Amino acid sequence: MYRFDTSVSSVVSIADGARTVPAGPLSPELLDRMQRLWHAANYLTVAQIYLRDNPLLREPLRPEHVKPRLLGHWGTSPGLSLIYLHLNRLITEHDANVIYLAGPGHGGPALVGHAYLEGTYTEVYPEITQDLDGLRRLCRRFSTPGGIPSHVSVPTPGSIHEGGELGYVLSHAFGAAFDNPDLIVAAVVGDGEAESGPLAGAWRGTAFLNPARDGAVLPILHLNGYKISGPAILGRETDENLRAFLQGNGYEAYFVEGDDPARVHQAFAATLDACYDRIRVIQDRARRYGLSERPRWPAIVLRTPKGWTGPKEVDGHPAEGTFRSHQVPMTDTRTNPEHLAQLEQWLRSYHPELLFDDTGRLIAELAELAPGADRRMSANPHTNGGRVMVDLDLPDFRDYAIDVDPKRPALIRQESTRQLGKMLRDIYVRNAEQANFRLFCPDETNSNRLGNVFEVENRCFVGPILDIDDHLTPDGRVMEVLSEHLCEGWLEAYTLTGRHGIFATYEAFAMVAASMVVQHAKWLQEAANLPWRAPLPSLNILLTSTCWRNDHNGFSHQGPGLIDVMLSKRGTVTRIYLPPDANCLLSVADHCLRSRNYVNLIVQDKQPQLQFLDMEQAIEHCARGASIWHRVGNEDGEPDVVLGCAGDIPTMETVAAAAYLRDQVPDLRVRVVNVVDLMRLFPARIHPHGTTEQEFADLFTADKPVVFAFHGYQRAIHELVHGQPDVDRIHVRGFNEQGTTTTPFQMVAMNEMSRFHLAAEAIRRCPRLAERAPALIAECDARIAEAAAYAREHFEDQPEIRDWAWRD
């Protein structure tokens, strides 16, 4: 454990004119400049929160200079600024390549302030000029209508992590560091964030960080004592307990604590130097001699007061160092003269007249402390990943096609995801030199039938490896960890820094990370409005082990909810694909890996399934997004009923229902429509992939009944087609929360989506079959009962159901 004590008794002072300067790596002149730059950053933070005019107090502060709505978070900002300017010193002195991830995302004004002070903000927003008017505009846009949020959000240059939803800063940090050997990711962990489950798991990223080929993650646990209204758990822990906690997670703890700015500056500078030296020693050894054991990486514990340098008291209550400084210490400064005077006193305590020149620009001797060009953390290309992105070298997906007779669909069964695994194997090979592709999966790569990747690649693990381990090495790029949060977070940052990948997981447990997917989609949506943010590789999620074929695991593993989550996001960033077979899956995967700025959700089960389309048919079908499958329908002109379907198991049951109706009711004209791109069901005015009314009618007719079998919850289809013509005629069968450990057919039967349920519904909805319908539906019900009885007696489905295949 390393402690740089900042107490008065332990600091050796040296004379500097009339002052005494605590000893440390900073010269008296540099310490003075850094403290003044810290004052400038703190001043801009307070000004952004409070001021709409008079940004440098060139006149006495009046109520009309203050915003009517005071929004923002002061408490964490001074600590974030201190860390930022010390990282800048590290960059300048060592030409280090560093990016900054702020876990306490509400410290937005601090990071915005630094981006402005080092010039990047003006470069990307030319209207925010480096003068008095620019400062005024900067203050007026913070947390105001049409402005920027209080988080370190998408509009903040240098940000790949917003922090609006706490828990992900470390997973993002490790994802950014993978395959970025020269990069150091400084990840500030807020003491409130440290209480979240995802963050607790993310400390274990050290077991996957290979210093021979990856960058470094420097966690900085910033303990200022309080959350929004109560104490932080780790803030009340002893140093010894914190040291043990960090050591158990693979870190060497370095402690800095204090409230005297000069002493904390010196202590933090010395600590940062020691951590940097330690990182370079770890990397140099691994790159020279190979990795012999899991290294112990440095981590900093920084204890400083919440709201440091802010008001000591407000209305007789302590403020600095307490939860009362978390957000806005004085909220009624426009109407309370005492608070207005206190605000002015607070702002003037930073002496803005000594920090900014007559024009309002930061004085040169302070501006010079920032690194140059792309070494600025606010301008680092890795935080605008499209600038450093290298396109994937993709094989021809047609090479992995399953040979399907185009005239005889649904005859052969194969594992569709197995074919994708072969394609991913060759993606690893073709992109080995650029090292810009990884597969992320919660310990289920083989289970999900993607195991062909292990012919050329290994699982990553930086730790003890036994002879009995399977494809496990420190330099592997298949990332298996039993945490959906880590897989999702790693991939998010991997793509945000310009690389490519897929997150494959069991469908039901993708919901563990659903809110992370939502946050990433929101990021992409906002980034699309910023021309300076370059296009990024899409975030690709493969859901397998789906609800319909988790008949062996049971109800807990049966849940298609991520589809509904994705449908609620804007069409500019979300796509949902339900390929019915392997060849469609290959076509969709190729498209998704080439795409930019989307969250692509692909749903495809891993079990052997019927194959419907040859490759050319699959390509055409996927390009259309939805097609009439003439081969399995029997319409001659206008149909009597339309059987629609989306998803592999719904497609099989729909095709089987069409075959059953052809046999039992040969005069019933049936059209089969398969949907692979779920967004095609939206009206065109709602989603860019949506259909016009005419296109929708061309698929589903203008007025005929539609029985639609869907992979997910029925409500999703009703939401999608809302606004299309005559949607009351669409009757949806899907997952309705009926599940257990049972047979595959009984699973669809329990949810009333079996071929016999679909056939009965089609008969029921066809007016000209009204007289014959009772007998025909009774026959369907009898087949359902017979199948259930057989399964209960034999523990499997009837052979004619289990082995069903198409016949002409």
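This is a predicted model: local features need pLDDT of at least 70, side-chain atom pairs count only at pLDDT 80 or more; totals for chains, interfaces and linings use all residues.
**Entry 1: the cavities**

I began by asking how many cavities of 30 Å³ or more the count gives. It comes to three.

I took the second largest cavity to start with, and its volume is about 70 Å³. I then looked up its lining and wrote down Leu37, Asn88, His114, Leu117, Glu118, Leu362, Leu366, Ala367 and Ala370. Two elements, α3 and α11 (364-367), each give two or more residues to this lining. Sorting the lining by class, I got six nonpolar, two polar and one charged.

Next came the largest cavity, with a volume of about 100 Å³. I found 15 residues lining it, and those nearest its centre are Tyr100, Leu111, Pro157, Gly158 and Ser159. Here the elements that give two or more residues are β4 (97-102) and α3 (108-117). Which element gives the largest share of this lining? I checked, and β4 does, with three residues. By class, I noted ten nonpolar and five polar residues, and no charged ones, in the lining of the largest cavity.

**Entry 2: the salt bridges**

My search of the whole structure turned up 55 salt bridges. I picked a few to look at one by one.

Glu59 and Arg62 came up as a pair, with N to O at 2.6 Å.

Then I turned to Arg288 and Asp284, whose closest N and O atoms are 2.9 Å apart in their salt bridge. Where do these two residues lie? I found both in helix α9 (residues 261-289), four residues apart, which is about one turn of the helix. Exposed means over 50% relative accessible area, so Arg288, at 58%, counts as exposed. Asp284 has 36%, and I put it down as partly exposed.

Glu796 is partly exposed at 34% relative accessibility, and Arg802 is partly exposed at 35%.

Finally, I looked for salt bridges that share partners, and found one network joining Asp179, Arg213, Asp214, Arg438 and Arg477.

Methods:
Residues are numbered from 1 along each chain as its sequence is written. Side-chain values use heavy atoms; hydrogens and water are left out. On a 1 Å grid over the protein atoms alone, a cavity is a set of points where a 1.4 Å probe fits but cannot get out, and a pocket is an open set with protein on both sides within 12 Å along at least five of seven lines; lining residues have an atom within 4 Å of a point. Grid points are joined across faces, edges and corners, and a volume is the space filled by probe spheres set on the points. Ala, Val, Leu, Ile, Met, Phe, Trp, Tyr, Cys and Pro count as nonpolar, Asp, Glu, Lys and Arg as charged, and the others, Gly among them, as polar. A salt bridge is a side-chain nitrogen of Lys or Arg within 4 Å of a carboxyl oxygen of Asp or Glu. Buried means under 20% relative accessible area, exposed over 50%, partly exposed in between (1.4 Å probe, protein chains only).
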